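Q: I am new to this structure and would like to learn how to read it. Please take the features in turn, giving the general idea and then the case.

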Amino acid sequence: MMYWDGGGWAWMAFMPLLWIALIALAVWAVIRLVQHPASRGEGTSRGPAPKETPEEILDRRYASGEIDTDTYTEARKQLAVYQRGPG
């Protein structure tokens with residue numbers, strides 16, 4: 001026959017802590033999955049966003065109204081000259 005020497009109080013104290021930890025882990029996992037669905041491979045990765053090209057930046061600024069039409073067309077011309085290079 002085994003003799004436990006009254007060690008049952010330790011398990012009585014440990015079991016509620018174990019259940020609290022398990023429930024907290026489950027809540028954390030659910031929140032993590034709901035907040036970051038793209039990290040599961042359903043969208044973009046969590047890496048840095050791809051860099052915009054100068055043309056894309058210019059287009060975005062023109063579309064948002066940051067620059068006017070004259071500035072936009074002049075900047076487009078300068079980008080075309082710059083990209084062609086010397087020669």
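A: Start with exposure: a residue is buried under 20% relative accessible area, exposed over 50%, and partly exposed in between (1.4 Å probe, protein chains only). R61 has a relative accessible area of 32%, so R61 is partly exposed. Of the 87 residues in the chain, buried ones make up 6%.

Q: What kind of model is this, and how are its residues numbered?
A: This is a predicted model, in which local features need pLDDT of at least 70 and side-chain atom pairs count only at pLDDT 80 or more, while totals for chains, interfaces and linings use all residues. Residues are numbered from 1 along each chain as its sequence is written, and side-chain values use heavy atoms, with hydrogens and water left out.

Q: What is the mean pLDDT of the chain?
A: The term pLDDT is the predictor's confidence in each residue, from 0 to 100. The chain has a mean of 81, and 76% of its residues reach 70 or more. Confidence is lowest in helix 1, with a mean of 88, and highest in helix 2 (residues 54-64), with 92.

Q: How many helices and strands does the chain have?
A: Helices (H or I, at least four residues) and strands (E, at least two) are DSSP runs, numbered from the N terminus. Here there are three helices and zero strands, giving the pattern α-α-α along the sequence.

Q: What span does helix 3 reach?
A: The expected span of a helix is 1.5 Å times one less than its number of residues. Helix 3 (residues 69-84) has 16 residues and reaches 23 Å from first C-alpha to last, close to the expected 22 Å. Just after helix 3, G85 takes a positive phi of about 85°.

Q: How many salt bridges are there?
A: A salt bridge is a side-chain nitrogen of Lys or Arg within 4 Å of a carboxyl oxygen of Asp or Glu. By this rule there are three. One joins R76 and D59, at 2.8 Å from N to O. That pair links distant parts of the chain, with R76 in helix 3 and D59 in helix 2, 17 residues apart. R60 and E52 meet at 2.9 Å, and E66 and R61 at 3.1 Å. R60 counts as partly exposed because its relative accessibility is 40%; E52, at 38%, is also partly exposed.

Q: How many aromatic pairs does a search of the whole structure find?
A: Rings of Phe, Tyr and Trp (its six-membered ring) pair if their centres lie within 6.5 Å; planes under 30 degrees apart count as stacked, over 60 as edge-to-face and the rest as tilted. The search finds one pair. The rings of Y62 and Y72 have centres 4.4 Å apart and planes at 20°, so the pair is stacked. Y62 lies in helix 2 and Y72 in helix 3, 10 residues apart.

Q: Is Y72 buried or exposed?
A: Y72 is buried, because its relative accessible area is 17%.

Q: Which residues form the nonpolar patch on the surface?
A: Patches are made of residues with over 30% relative accessible area and no salt bridge; like charges are joined within 9 Å, nonpolar side chains (Val, Leu, Ile, Met, Phe, Trp, Tyr) within 5 Å. The members include W11, F14, L18, W28 and I31, and the patch has about 1100 Å² of accessible area together. W11 is found in helix 1 (residues 8-35), and W11 is exposed because its relative accessible area is 53%.

Note on methods:
Areas by Shrake-Rupley, 256 points an atom, 1.4 Å probe, with all protein chains shown as cover.
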